[in-house]
Structures are given as C-alpha cells and as structure tokens.
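Dear colleague,

Please find below the structure that I am handing over to you, with its sequence. My findings follow directly after it.

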Amino acid sequence: MRATAKQSLLQSVHTVRNPASGTVFSEYTFFRKGTGEIIMCGIIGFTGTANAVPKMLKGLSVLEYRGYDSVGIAAQTEGGVDVVKCKGRIHVLEEKLREEPLPESHCAIGHTRWATHGGPSDVNAHPHRAGRVVLVHNGIIENYQELAEELRGSGVTFLSQTDTEVAAALINACYDRLGDPAAAIRQATDRMRGAYAFGILFDNRPGEVWVIRRGSPLILAKGKDGFYLASDMTALLPFTNQYCAMEEGRIACLTAASAMLLDDAGGSAAAEWKTTAMTPESAQKGGYPHFMLKEIHEQPGAVEKSVSSRIVGGLPDFSADGITPDFWKSVKNIQIVACGSAMHAGLVGARVLEEMAGVPTTVHIASEYRYYPPLFSDGTLVVVISQSGETADTLAALRYAKSRGIPTLAIVNAVETTIPREADRRIYTYAGPEIAVATTKGYCTQVSVLWMIAAAIAYTCGRIPEEQARATVDALAKEVPQAIEDMLAKREQFVRIAKGLVDHEHVFYIGRGLDYAMSMEASLKLKEISYIHCEAYAAGELKHGTISLIEPGTPVLAIATDPGLVDKTESNIREVRSRGAQVTMICREGTQVPEESADEIVFLPNRSEAAVLFASLTAVQMIAYETAARLGCDIDRPRNLAKSVTVE
Ligand code: F6R
C-alpha cells in the first residue's frame, strides 16, 4: 500500500476515536436539548372507507423500529376523537384495546415513540390532545419552552412533559382564532423552531387528516380504500405501493376522496403518485427469526444489484445515476461524511479511493463536521453516506458543505428521503428496506458502491488499465456475492465462537489497514446488539497502552486478511496470546497460522481483495448476531437505539 493511503486511513480512523478514552464514539445517544429526553418516532394515519384502527396497529408494528417505548392511536368516532395510548410496545396497546375496544373508525392517526430519559409514560405517549386538536409528532420543537410559557400566560395547562403537547396547544390556539385548519397549522408552525412531521385531527372536521413536515420524514400514500400518511413507506406496504413524498413545509389534507397539497398562497393541487418497487414481503421476516439474520442473508443479492446496475459493457458506468465521466474527472479530493456504520463504510471506501483511484480522501464523523470544519480546495467533492437518508447530523453536514458552495454526492438507500433530495447528485444503494436497527446489508451495499465509484474514477482518469477496471467490477458483481454465500455456510463455526464470547464483559477486535476499518464495524456490531463491551484497535497500537487490559481469557478477534500485513498482525497476536488472550483469527484460506497462535481460525475464501473484505464482514456480522442470540438480546431492536436518528 502507498504511504499516503496508509497515513490517510490512520488519520481518518483517528477522527472517530475519543482522544481521551481511546474508545470509539457511539453515535446513537442524541438527547433532546434541555430535558435529556430523546425522541425518534414513527407516525401513521389513514382516512377512507375501511376500519382505520387495525391499519394503525399493523403499520405501527412495522414502524416500531423507529422507537418502541410507548404507543398510541387517536380515532375519530361519532362522539369526537378517542385517544388510546400507553407506555410499552404495540402488544400492550393491543391488550388495552381488547379490554376497551374502540368503535369502528374510518379516520385515525397513530404513533410509536422512543424515549430513554424523561421517562416513557402513558401521559407522555402520543397522540396529544389540546382543545379541538389531536396530533402525533415525529421530531423536536426546540423552542417549546418559550411557546409553552406564552400559552400558559393565556391560561393553557399541560399534562405531559413533551414539546408535542405544546405544539398541539399552539395549533389549537391558532385554530380557535382563525377557524381554518390550514391557516392555523401554517401560523403555528411558522412559530416553531426545530423539526417536525405532524399528523393532525380536528374534532369538528370528521374524515380529515392534516399533515405537515419540516425536517422530519413523511410520505403520503394512496390505497384502494383511502389515503395514508407515514414516516416511512415500509409501514404502508401491506396496504399500497402508491406514494407521494412530501416537500418541506408543505401542508396536505387527506380525506376519503382526495389528498390535496396546499401552498402558502392558498392554492391547492392533487398529490401525484409514484409506485414503489418494495413489496410487503420485503418488510417481513420471511421465515428468519430476526430481520438482522434475514438482512445478512440478503447481502449477496443486494450487492449484486447495487453493482450490476452500474456496469455497462463490463465497465463501471454511473450515467444512469446522472453522473458523467467529466464529473469524475473534476474530482480532485473527497471528504466522506457520515455517522456510525455508514462512516465505517466510508473508511473502507477512502482506502480504495486513494489506492485505486489516487484521490486523496478523508473521512469525517458527521456530528463533528461543522464544529471542526475541514479545508476545502478546488475540486473537493463531499460524499455523504446514509442508509436512511434522514440522519440529522449527516443532513446538517450536507447543508454545511452546500452552503460553502461545495459539490455534494449522496449515497443513500431509502429513496425520496431528505438527504438525496438535497444533495447535488445521488447514488442509491439497492439494499431494499432495512428493518433491523443494526445495519448489515445497508453497510454492505454502501461499501460496494464506494468501491464502484473508485473503479469509475480510476478508469475514467486513466489511473488503472481497462482490464483492471473490468476485473474489479466483475469481482464486485460475482465474486463478492459468492464469498458472502460461502461464509453464510459456516454458521456452526460462528455459533462456536459466539459461545466463547457470551461470558465475557470485554472483547477486542484488532486489525491493520483495511482490517482495522473492518474491526471498527465488527466491534460496533457486536456491542450494539449483544451489549458486550468491545473495542476495535489498530493491531500495532495495542502495545501502546491497551494491552494492559488483556487478562487470561480475554477474547481477542484478529482480522488479518492482507497478505502484506499478516506477519505483523501475527506478532501482535503473539503479544496478547502470551498474556493469556483467547484468540480467534480471521484470515484467508492458505494463511499459515502457527498452531499456538489461535484457538479458532475463520478461513475466508482466498479471492480478490473485495471478496475477502466482504467475507470478513459477513463473518463479523454473524459472530455478533450469534452472540446476541445466545444472550437472548432483542436483536432487531437493541435497547436505547432507533433506526432513523432524525435529531442532532
Ligand atoms: C449501526 C448503525 C448506525 C448507522 C448510523 C447512520 O448498526 O446502523 O451506526 O449506521 O446511525 O445511519 P444512516 O446510515 O441511516 O445515516
């Protein structure tokens, strides 16, 4: 490997470590300013000719990945709007509804919420009611205290500690004054700072669901029996495949007969519908015990699709994404910005971009990007990576780059989301819906697309010969899916390794170069779903302090796939081995591993660099999965996490 690439990878890697503790930051703990409360929610609504309540329950069970500590439904009935809500998951609400059934309703909204601090409770659960208004909210109203103070001054009292109740009260106050839902929503939201997607019922307007979004995701959909809203299309796949993405700040009014989009000038237009390629099956477990396992098994197909759609005549070609060879030629350096696993994908991509395409590339944690602004120069391209397309920190970084006039490119899985809409250019990964909170196929396809971009730049700019470009994309499209399949056949070995990890509190992953980048993803995967503390360490760095944590029995998993570096990593393995570590080595078939070096060896198919990398990825994903499964963890919905992190 060239020295510059090595240095840059190390720099990139260092940007994601806590300089004080040396540990990798967990990117998930986003607290609501002031209260320490954390909000990441899913909303849904329906109005039409069918019974709305079963639809709400079904959709909310899909949206639970966005948050799952309290849940509620509001349904319009003859007597007004009934609200049923509770702390806990959908089954608690279902139990409550069995005891006190709601009358049939054709117009309803629902919500599933996530709070770690500030206490999930019945009263804080959505929907919230204020006067004539009942609403559900995904997002955060930053100035809610100031608004609450003002409303208290006019006699309003609040039952919950949420910003959402304040939003409901403000809309209600405006509605009392103006008597018109659209005007009330516009006037109230003009006063709100922050991010929101609202589904709103007015108790004197039967059959109408009002909608607005700014900063939080929301789509409308059209079914045979009425119209829907939801945070995410997957929640509506059981009912329809026709959707319409909501623009920022746009108000919509849904009735049984229409979905009208309203503009500021009082004009209105019927929503225009698109058809999603997602199917209801794509959002179901399909016989697997967990979505995560299903999604790991979907990786071969997802990579194949993400890569093959960018191969024309055997060569990399992004013209179907609207990206021309001239654009690639204009790129002189790249800044990759993302969070968590997406940022880890960036670390792999950076190395390949430098090594194959010769483009200097740095990787940045999105939440830090604006506070430690990087230097831009002529030919800088900012690449943001996001599975969900809604991550607030990544979006803020994208907006920062755009505000400085820098060209931006988004690599995103979820279509019609905010990040690809705002970026100058976009490349979609074709992972399909990813439901498990911990990403697997999302990460996998991000890496494959980055690798394709590197091949495209390298070939277009004449940095690799045509045969190498052909061989690279061919390996990505064929060898990589096969290598993943080969690893999935080794499940028994992963179970054995997992059994060796479950009784430990601390685990280490070590690796050098690309294997270090993979160690970081491996470590994140293990800790987030199994709750076992795990650190990723550059193998050569261990002896500069961290080795003091190695005790007899401490599990160390060493990834050593680079033939040029394997000897050096083996030396580091011997260092921990002699202090009693229990070592698992992950290396290419044919690597000569001295018997005393490792307790367990996972052999990867000895093929192209890409195939080996994806094989090692599959191994570490499966080790994490089997460990969490043995510990009985909630694999698809690990504690304190949510899939879409839509607040900063
Ligand atoms: C870890 C994980 C997270 C996400 C991160 C970014 O398994 O899923 O680290 O990668 O929150 O999310 P997206 O890619 O949606 O921007």
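The element that gives the most to the shell around the ligand is α10, with 3 residues; helices here are DSSP runs of H or I of at least four residues, strands are E runs of at least two, and both are numbered from the N terminus. The model is a predicted one, in which local features need pLDDT of at least 70 and side-chain atom pairs count only at pLDDT 80 or more, while totals for chains, interfaces and linings use all residues. Residues are numbered from 1 along each chain as its sequence is written, and side-chain values use heavy atoms, with hydrogens and water left out.

Around the ligand there are 14 residues, of which Ser386, Gln387, Ser388, Thr391 and Glu528 come nearest; a residue is near if one of its heavy atoms lies within 4 Å. By class, the shell holds 5 nonpolar, 7 polar and 2 charged residues. In this scheme Ala, Val, Leu, Ile, Met, Phe, Trp, Tyr, Cys and Pro are nonpolar, Asp, Glu, Lys and Arg are charged, and the others, Gly among them, are polar.

Oxygen atoms of the ligand lie 2.5 Å from an N or O atom in the side chain of Thr391, 3.4 Å from a backbone N or O atom of Ala342, and 2.5 Å from a polar side-chain atom of Glu528. On its own the ligand has 400 Å² of accessible area, and the protein covers 95% of this (Shrake-Rupley method, 1.4 Å probe). Two or more residues of the shell come from each of α10 (340–357) and α17 (514–530).

The protein chain is assigned domain 1 (42–281), domain 2 (286–485) and domain 3 (490–639), with bounds from an automatic or database domain assignment. Between domain 2 and domain 3, the C-alpha centres lie 25 Å apart. Their contact (heavy atoms within 4.5 Å) takes 32 residues from domain 2 and 30 residues from domain 3. About 2,700 Å² is buried between these two domains, with carbon and sulfur atoms giving 68%; buried area is the accessible area (1.4 Å probe) lost on putting two parts together, summed over both. Of the area that domain 2 buries against domain 3, Met292, Arg351 and Trp451 supply 19%, more than any other three residues.

Two backbone features remain. The peptide bond from His126 to Pro127 is cis, with omega near 0°, and Pro127 sits in the loop between β4 (107–113) and β5 (128–130). Tyr531, in the loop between α17 and β24 (533–538), has a positive phi, near 65°, in a residue other than glycine.

With kind regards

Terms used
Polar contact = N/O pair within 3.5 Å; in protein donor to acceptor, adjacent residues only side chain to side chain.
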